[in-house]
Amino acid sequence: MGELKRTPLYDLHVEQGARMVPFAGYEMPVQYGMGVMKEHLHTRAAAGLFDVSHMGQVILRGDSHADVALAFEKMVPMDVLGLGEGRQRYGLFTNAAGGIEDDLMFANRGDHLFVVVNAACKDGDIARMRSALEPGVSVTEITDRALIALQGPAAEAALARLSGAVADMAFMDVATVELNGAECWVSRSGYTGEDGYEISLPAAAAEALCRVLLDMDEVEAIGLGARDSLRLEAGLCLYGNDIGAGTSPVEAGLNWAIQK
């Protein structure tokens with residue numbers, strides 16, 4: 001195994017007392033001083049802040065939105081063309097046998113699709129997209145932005161202190177919002193079963209925004225341990241654990257994600 005990578009928030013994790021562990025090629029916080037159980041319960045009761053910067057962020061561009069959408073539809077059994085601008089959808093990469101190669105999120109941001117893939121599959125997913133889509137569609141990995149998630153029933157109130165625009169977002173809406181002086185790509189989504197937001201922002205601005213959020217009474221830093229227990233309690237699949245290349249979307253109970 002090569003040298004572990006670090007997210008832009010590594011120093012903040014250490015300062016916050018995180019126990020760091022190897023995960024998908026990165027040094028990631030598995031828990032903080034509260035411990036996994038208290039972190040889990042705090043996210044359910046208030047708001048938890050997660051570093052998910054290890055995940056892959058990709059932009060797909062082409063001559064038109066329709067060209068990009070129709071090309072991407074050849075890779076996922078989802079309605080990409082019918083996804084409205086400013087909206088996001090859960091998707092799956094599948095193989096020739098119908099097995100799931102990864103699960104992902106994709107958003108229609110007007111002149112491009114924004115795709116977020118799992119960290120453990122990131123390199124393979126990007127290679128898959130380049131092979132299937134280029135040269136008609138450009139595939140650009142975003143390496144200068146962090147990704148954080150603010151999850152829980154108090155997430156809206158906390159984030160709305162920085163921009164009231166987030167309160168107007170519906171589930172699976174995406175928008176560009178200025179937070180703490182940084183241009184953020186915000187989606188009202190997450191993977192805990194709670195209301196919340198995922199926020200892509202310039203790496204250089206990530207620590208400052210996280211410090212502002214962590215200064216709020218409702219918000220605590222949450223590690224990978226509670227992230228896993230929260231998604232498990234909510235019945236959300238983890239790629240490589242509950243689903244994989246030998247599992248079809250139907251076998252995984254993911255029929256709801258496939259449009260008519």
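This is a predicted model: local features need pLDDT of at least 70, side-chain atom pairs count only at pLDDT 80 or more; totals for chains, interfaces and linings use all residues.
**First stop: Met 172**

Display the backbone at this position. Met 172 is not a glycine, although its phi is positive, at about 75°. Now show the surface around the residue. Met 172 has a relative accessible area of 11%, and it therefore counts as buried, the cut-off being under 20%.

**Second stop: Asn 180**

Next, select Asn 180, which is placed in the loop between E11 and strand E12, residues 182–187. Here too the backbone deserves attention: phi of Asn 180 is near 55°, a positive value in a residue other than glycine. Is Asn 180 buried, partly exposed or exposed? Its relative accessibility is 41%, so Asn 180 counts as partly exposed.

Move to Pro 135, in the loop between helix H4, residues 122–133, and strand E9, residues 138–141. Select Glu 134 together with Pro 135 and examine the peptide bond from the former to the latter: this bond is cis, with omega near 10°. In general, most peptide bonds are trans.

Select Glu 27 in strand E3, which covers residues 26–31. With a relative accessibility of 18%, Glu 27 counts as buried, because the cut-off is under 20%. Which side chain makes a polar contact with the side chain of Glu 27? The partner is the side chain of Arg 6, at 2.9 Å.

Finally, select residues 36–45, which form helix H2, and residues 224–233, which form helix H7. The two helices pack at an angle of about 55°, and their axes are 8 Å apart. H2 is therefore oblique to H7. The crossing of these helices is right-handed. To view the contact itself, show Val 36, Glu 39, His 40, Thr 43 and Arg 44 on H2, then Gly 225, Ala 226, Ser 229, Leu 230 and Glu 233 on H7. Colouring the contact of H2 with H7 by class gives 3 nonpolar, 4 polar and 3 charged residues.

Technical notes. Residues are numbered from 1 along each chain as its sequence is written. Side-chain values use heavy atoms; hydrogens and water are left out. Helices (H or I, at least four residues) and strands (E, at least two) are DSSP runs, numbered from the N terminus. Buried means under 20% relative accessible area, exposed over 50%, partly exposed in between (1.4 Å probe, protein chains only). A polar contact is a pair of N or O atoms within 3.5 Å; within protein, one must be able to donate a hydrogen and the other to accept it, and residues adjacent in sequence count only if both atoms are side-chain atoms. Axes are lines fitted to C-alpha atoms, for helices over the stretch in contact, and angles run from 0 to 180 degrees between N-to-C directions. Angles under 35 degrees count as roughly parallel, over 145 as roughly antiparallel, 65 to 115 as roughly perpendicular and the rest as oblique. A crossing is left-handed if the near helix is turned anticlockwise from the far one by less than a right angle, and right-handed if clockwise. Contact means heavy atoms within 4.5 Å. Ala, Val, Leu, Ile, Met, Phe, Trp, Tyr, Cys and Pro count as nonpolar, Asp, Glu, Lys and Arg as charged, and the others, Gly among them, as polar.
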